[in-house]
Amino acid sequence: MGNAIELRGISKSFGSVAANRDINLTLKEGEILALLGENGSGKTTLMNMLSGIYMPDSGSIFVNGNKVNINSPEQAARLGIGMVHQHFKLVERFTALENIRLGLKEGGKFLLGKDTRKYIQDTAAKFGFEIDPDKLVCNMSVSEKQTLEILKVICYGAKIIIFDEPTAVLTVQEIDKLFDVMRKMRQDGHSLIIITHKLNEVMEISDRVAVLRHGEYIGSVETAKTSEKELTELMVGRRIDLDIKRPLMDKTHPLLEIRDLTVKNDEGALAVDGMNFYIRGGEILGVAGIAGSGQKELCEAIAGLRPIERGQMLHEGESIVGMSPKKILEHGISMSFIPEDRLGMGLAPSLSITDNMMLKNYTEAKGIFVDRKAARKEAKEAIDKLEIVTPSTETPVRKLSGGNVQKVLLGREIKSGPNVLVTAYPVRGLDINSSYMIYDILNEQKKKGVGILFVGEDLDVMLALCDKIMVMCHGRLQGVVNSTNTTKEDIGLMMTGALNIVNKEGKTDGIAADSAFEDKKEEADV
Amino acid sequence: MFDVITLFLSSVIIYSIPLLYGTTGEIMIEKSGSLNLGVEGTMAIGAVAGYVAACRTNSLFVGVLVAFISAALVGAVFAFLTVTLQANQNVTGLTITTFGVAFYYFLGNGLSNSEGGWPMLGNTTLAAQFADIKIPLLSDIPVLGPVLFTKNILVYFGVLIAVLMWLYFAKTVPGLKLRAIGENPGAADSLGINVTLYKYIHIMIGSGIMGIGGIYMGLNMGGTFEGSNCWINGYGWIAIALVIFANWSPARAILGTVVFGLFSTLRVYNVAFATAFPGVLGWLNKIPAHFFSALPFIITLIVLILSSMRKNSSSGEPAAIGRNYYREDR
């Protein structure tokens with residue numbers, strides 16, 4: 001077997017920053033290579049050079065043994081290199097067929113070609129893709145969209161396919177399905193590169209692992225001959241404790257109780273549908289669910305950002321329904337939501353850390369002038385405490401790396417001393433090191449007796465970090481499980497709606513035995 | 001009695017067509033993801049340049065060609081500023097309107113005060129070229145014949161453009177690529193579609209089509225230049241609203257422009273109606289003429305309010321409209 005791709009001495013700098021230094025990497029024909037590295041280690045830059053978005057400053061690229069210059073995405077496609085992007089490159093209002101047709105070189109100038117449809121359907125059948133060619137992309141689930149992306153690159157004739165964090169948005173079952181497809185592609189002679197942060201997935205799917213650190217190529221190992229521990233050390237450069245701690249605390253009475261909560265989304269459809277749950281002090285309650293199952297609307301309803309249709313929300317026995325977001329914040333409920341684009345909600349990207357700190361407590365200052373001195377002190381404290389890497393307190397937030405931005409956001413929410421912390425996707429897009437720092441912050445809050453609602457994506461992390469996990473599907477509660485006696489498979493089934501354990505053994509999930517809802521108590525006991 | 005109705009409907013079509021040119025031109029631009037608020041100015045430049053050229057050469061064909069080219073050049077300026085230099089589209093569009101209308105007065109006043117004077121349409125061959133053409137057989141149908149099939153060549157051409165544009169969007173690969181750029185330029189770019197080139201071409205063609213609407217208006221007014229009143233007279237703004245009313249479909253634009261033409265024409269026909277049907281429509285006489293002049297703009301306002309309330313997935317609005325595309329901006 002020859003080499004599908006060989007990189008020799010590739011370097012690339014942006015300004016004075018070297019993103020890649022002297023990288024040598026080979027992808028053998030018909031193998032699955034995992035590319036591992038922390039955020040900012042240069043994985044994406046390297047892959048962008050293969051897909052024609054960037055040109056290397058020095059070094060050479062060989063494809064199937066021939067030296068090539070890849071200077072545009074079209075050129076990469078001609079060489080048979082395709083990329084499945086993390087953020088799908090699909091036109092939402094087109095059908096699957098139209099999306100694929102868009103990039104096909106053959107097929108004439110008119111759309112009516114039956115051959116096109118047949119070609120796409122045949123290709124889909126060959127790899128076992130289930131896809132409706134006439135379905136609009138905007139009506140597709142995340143997993144369907146990804147299937148379409150993969151089908152797209154195959155239809156364009158790619159033999160070398162790069163997957164950029166493909167599993168980040170999928171459920172356990174969907175990941176299994178994706179891996180089956182990837183194995184089938186390998187059998188068919190495709191060579192694959194998969195970029196991922198998740199070590200268990202690396203172990204499961206790859207034949208070989210190549211590790212990058214700080215823009216340098218550290219080495220590659222055969223997956224069968226390595227372990228998650230060794231890979232982490234290669235990636236981070238030092239030993240790291242992979243176990244997420246879950247300190248056991250004495251739980252207090254329910255701090256926040258939600259009953260029959262029903263919330264509509266922006267389109268007016270039911271996003272949260274009759275949810276019951278509660279959070280006690282000193283516990284982390286995980287919220288699992290496929291993206292878009294109502295997590296965002298749930299968080300917004302609790303924070304007072306979204307009106308509710310029906311239901312009750314009690315915080316320490318007092319109803320917070322209809323309160324302004326500011327009132328709710330003063331009550332001790334704090335929310336940090338990390339949206340997909342990470343900067344969208346909660347922080348003003350062009351303002352400095354200091355200014356962002358002030359956004360939440362500007363009302364405390366007297367008069368019309370802001371108290372910048374105090375805010376700067378707070379910013380400094382947060383920087384020291386959370387080890388935020390920044391040139392100064394006055395650096396615009398958008399110039400910080402993802403992990404540090406998220407720390408600023410979380411730091412600000414914690415500073416107000418909440419007793420209920422709602423946090424959604426706090427480690428979204430973060431590497432191992434930064435993620436663990438965020439987990440530590442959350443655990444510290446838990447030790448202080450704060451009740452934490454943790455909306456997460458990675459089930460492994462949630463099982464390790466959370467005390468209990470509640471699972472949502474289409475805005476409905478599928479059950480609340482204790483993370484010490486459940487399995488990933490069960491949670492996966494609940495996420496897809498195949499399993500509902502809300503009413504089991506005569507008790508109802510999500511309703512506390514010592515509820516502050518006096519009138520509902522009998523009901524719950526029945 | 002039926003004569004009044006026939007005349008009225010005939011005028012409706014005549015007043016609709018410049019709107020149709022403006023609307024279809026803007027639809028083509030917006031489908032590429034750009035919002036061009038410079039319709040009024042683009043039409044004004046096409047009108048004055050095309051008209052003068054037509055009079056000098058005594059050829060309608062040359063006039064239309066010059067109107068198209070001059071307006072397309074204005075489009076090229078818009079494309080250069082917003083696509084290449086990434087300027088704000090709204091500000092650029094407004095600038096083009098200001099510039100275009102001012103250019104109209106500049107050229108018009110300049111020519112009027114020059115030795116030869118402002119060229120008049122009169123009874124020239126040019127006027128004959130703009131005269132109504134009867135379509136055999138169809139024009140003999142009562143009412144519909146004179147209303148739809150006895151019109152000048154630019155009326156037929158305008159409808160033809162709308163139909164062709166509809167086919168282009170719906171049935172051809174370049175049309176598909178154009179719509180993809182308007183929806184998600186990043187996706188189109190990743191497939192090797194030349195986003196910049198597509199935008200330039202379609203902004204220029206769309207602007208050119210607006211220019212034809214401009215020269216139409218000039219010819220329709222008999223080519224008289226008044227120092228204080230622009231031929232376009234706000235039609236460019238109505239066209240922008242009509243794009244929304246037509247839900248970005250060139251076929252629906254035909255319907256939309258006829259509805260608006262109806263309101264524009266009422267201003268001329270209110271007295272005639274009141275006289276022809278004193279029993280039923282006598283009250284039309286009592287409404288001040290200014291109200292009828294304002295009516296199209298009032299309707300525009302109502303349409304904009306209603307259509308911005310209707311937000312759903314069936315909307316044809318390109319998702320990336322108004323946002324400049326920059327490849328490295330992720």
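**Figure 1. Packing of helices α4 and α5 in chain A of the predicted model.** Helix α4 (residues 114-126) of chain A packs against helix α5 (residues 142-155) of chain A at an angle of about 110°, and their axes are 10 Å apart. The two helices, α4(A) and α5(A), are therefore roughly perpendicular to each other. Their crossing is right-handed. On the α4(A) side, the contact is made by Ile120(A), Thr123(A) and Ala124(A), while α5(A) contributes Leu151(A), Ile154(A) and Cys155(A). By class, the residues of the contact of α4(A) with α5(A) comprise five nonpolar, one polar and no charged.

**Figure 2. Packing of helices α2 and α3 in chain B.** In chain B, helix α2 (residues 39-57) and helix α3 (residues 60-84) pack with their axes 7 Å apart and at an angle of about 150°. This angle makes α2(B) roughly antiparallel to α3(B), given that angles over 145 degrees count as such. The crossing in which α2(B) passes α3(B) is right-handed. Residues of α2(B) that take part in the contact are Thr42(B), Ile45(B), Gly46(B), Ala47(B), Ala49(B), Gly50(B), Tyr51(B), Ala53(B), Ala54(B) and Thr57(B). They meet residues of α3(B), namely Leu60(B), Val62(B), Gly63(B), Val64(B), Val66(B), Ala67(B), Ser70(B), Ala71(B), Val74(B) and Gly75(B). The contact of α2(B) with α3(B) contains 13 nonpolar and seven polar residues, and no charged residues.

**Figure 3. Contact between chain A and chain B.** Chain A contributes 17 residues to the contact and chain B contributes 15 residues. On the side of chain B that touches chain A, α8 (173-183) and α9 (185-190) of chain B each supply at least two residues. The largest share of this side of chain B comes from α8(B), with five residues. The side of chain B that touches chain A consists of six nonpolar, six polar and three charged residues.

**Figure 4. Fold and dimensions of chain A.** Chain A has a secondary structure of 17 helices and 22 strands. With a radius of gyration of 25 Å, close to the 24 Å that the globule rule gives for 526 residues, chain A is as compact as a globular protein of that length. The C-alpha trace of chain A spans about 75 × 50 × 50 Å along its principal axes. Of the 526 residues in chain A, 44% are buried. Among the contacts in chain A with a separation of 6 or more, 68% are between residues 24 or more positions apart.

Definitions and conventions. Residues are numbered from 1 along each chain as its sequence is written. Chains are lettered from A and ligands numbered from 1 in the order in which they are written. This is a predicted model: local features need pLDDT of at least 70, side-chain atom pairs count only at pLDDT 80 or more; totals for chains, interfaces and linings use all residues. Axes are lines fitted to C-alpha atoms, for helices over the stretch in contact, and angles run from 0 to 180 degrees between N-to-C directions. Helices (H or I, at least four residues) and strands (E, at least two) are DSSP runs, numbered from the N terminus. Angles under 35 degrees count as roughly parallel, over 145 as roughly antiparallel, 65 to 115 as roughly perpendicular and the rest as oblique. A crossing is left-handed if the near helix is turned anticlockwise from the far one by less than a right angle, and right-handed if clockwise. Two residues are in contact if their C-beta atoms, placed from the backbone, lie within 7 Å. Ala, Val, Leu, Ile, Met, Phe, Trp, Tyr, Cys and Pro count as nonpolar, Asp, Glu, Lys and Arg as charged, and the others, Gly among them, as polar. The radius of gyration is taken over C-alpha atoms; the globule rule is 2.2 Å times the number of residues to the power 0.38. A residue is buried if 20 or more other C-beta atoms lie within 10 Å of its own, exposed if 12 or fewer, and partly exposed in between; C-beta atoms are placed from the backbone.
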